Amino acid sequence: MWSRSYRKHVIMAFPSFDTVTNSWAPQADISWPTGPERQSEFVRFPLRVMTESEAVAYALRKGESWIDNRLKAHRAENPATFMVNRTSHLPSDFRKTDFNPPAKSAAPIRDDSSAAFTFAQFKFAVVRPGIKISETALRKSYSGLMQLQKNRNCSTAEIRATVKRAQDLLPSRSTRRLPMTERAWRKIA
């Protein structure tokens with residue numbers, strides 16, 4: 001089960017396979033506390049994606065947006081419930097803390113290896129201006145890459161590195177020959 005805690009809510013992703021479109025439908029069950037009980041909402045998202053991991057990542061990400069919108073609407077209805085003096089509950093040592101932000105430094109490089117490598121990210125990494133690659137070829141190549149990740153139990157960082165190697169190995173002609181199968185991707189990895 002895929003779940004994430006976000007702003008006192010729990011998001012549980014429930015991807016389902018849509019046999020009509022041969023793709024995955026992202027869905028999420030979002031629950032939150034209401035006093036001693038919990039309330040929940042089952043949310044279906046209209047987007048369809050090629051892999052289960054993409055559906056999970058999308059459901060978790062869009063679930064956070066759904067929560068933000070819910071809280072924003074709730075805050076507009078009941079502004080007094082969100083006015084809390086949080087420092088009054090802290091020990092006196094913590095009340096004197098300097099809340100100034102740290103000095104700006106170089107932004108850290110984001111390597112979120114736990115996030116799924118989506119088709120959109122794959123397409124962005126592979127397609128360059130002036131290069132003609134059909135959507136079908138891209139989807140077939142991405143499917144082979146995802147099979148490699150599944151069968152070899154590769155991390156998302158390893159998959160990204162494989163795509164980078166493929167970019168370096170492929171000639172920069174006006175049309176590229178993408179690896180289409182898991183076997184072709186294995187040669188690059």
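Let's start inside a helix: Ser 141 lies in helix H4. Helices here are DSSP runs of H or I with at least four residues, strands are runs of E with at least two, and both are numbered from the N terminus. Before going on, a word on the model. This is a predicted model, where local features need pLDDT of at least 70 and side-chain atom pairs count only at pLDDT 80 or more, while totals for chains, interfaces and linings use all residues. Residues are numbered from 1 along each chain as its sequence is written, and side-chain values use heavy atoms, with hydrogens and water left out.

Back to the serine. Is Ser 141 buried or exposed? Ser 141 counts as buried because its relative accessibility is 0%. Buried means under 20% relative accessible area, exposed means over 50%, and partly exposed is in between, with a 1.4 Å probe and protein chains only.

What does Ser 141 touch? Leaving out residues up to four places away in sequence, Ser 141 touches Phe 122, Leu 178, Pro 179, Met 180 and Trp 185. Contact means heavy atoms within 4.5 Å. With Pro 179 there is also a polar pair: a polar atom of the Ser 141 side chain lies 2.6 Å from the backbone oxygen of Pro 179. A polar contact is a pair of N or O atoms within 3.5 Å; within protein, one must be able to donate a hydrogen and the other to accept it, and residues adjacent in sequence count only if both atoms are side-chain atoms.

Now the whole of H4. It has 18 residues and reaches 26 Å from first C-alpha to last, close to the 26 Å expected at 1.5 Å a residue. That expected span is 1.5 Å times one less than the number of residues. Which residues of H4 are buried? They are Ala 137, Leu 138, Ser 141, Tyr 142, Gly 144, Leu 145, Met 146, Leu 148 and Gln 149. Remember the general rule: an α-helix has 3.6 residues a turn, so residues three or four places apart point the same way.

Next, the cores. A nonpolar core is a set of buried Ala, Val, Leu, Ile, Met, Phe, Trp, Tyr and Cys residues joined through side-chain atoms within 4.5 Å. The largest one has 19 residues, and Phe 117, Phe 122, Val 126, Leu 138, Leu 145, Val 163 and Trp 185 touch the most other members. Helix H3 (119-126), H4, H5 and helix H6 (182-188) each supply at least two residues of this core. H4 gives the most, with 6 residues. A second, separate core has 13 residues, including Ile 11, Trp 32, Phe 45 and Leu 71.

Not counting residues up to four places away in sequence, Leu 138 touches Phe 119, Phe 122, Lys 123, Val 126, Val 127, Ile 133 and Leu 178.

Asn 153 counts as exposed because its relative accessibility is 68%.

Lys 8 is another such case. Its phi is near 60°, positive in a residue other than glycine. Lys 8 is found in the loop between strand S1 (2-6) and strand S2 (9-13). With a relative accessible area of 71%, Lys 8 is exposed.

How many strands form it? There are 4, in an open sheet with the order S1-S2-S5-S6 and antiparallel pairing. S1 and strand S6 (37-44) stand at the edges with a single partner strand each, so one side of each has no neighbour in the sheet. Two strands pair if DSSP finds at least two bridges between them.

Walk across it. Then 4 bridges join S2 to S5, and Ala 13 stands opposite Ala 28 in S5. Finally, 8 bridges join S5 to S6. S5 is mostly covered, with 6 of its 8 residues buried. S5 and S6 form a hairpin with 2 residues between them, and Gly 35 in the turn has a positive phi of about 75°.

Last, the overall view. The protein chain has 6 helices and 6 strands. Of its 189 residues, 32% are buried.
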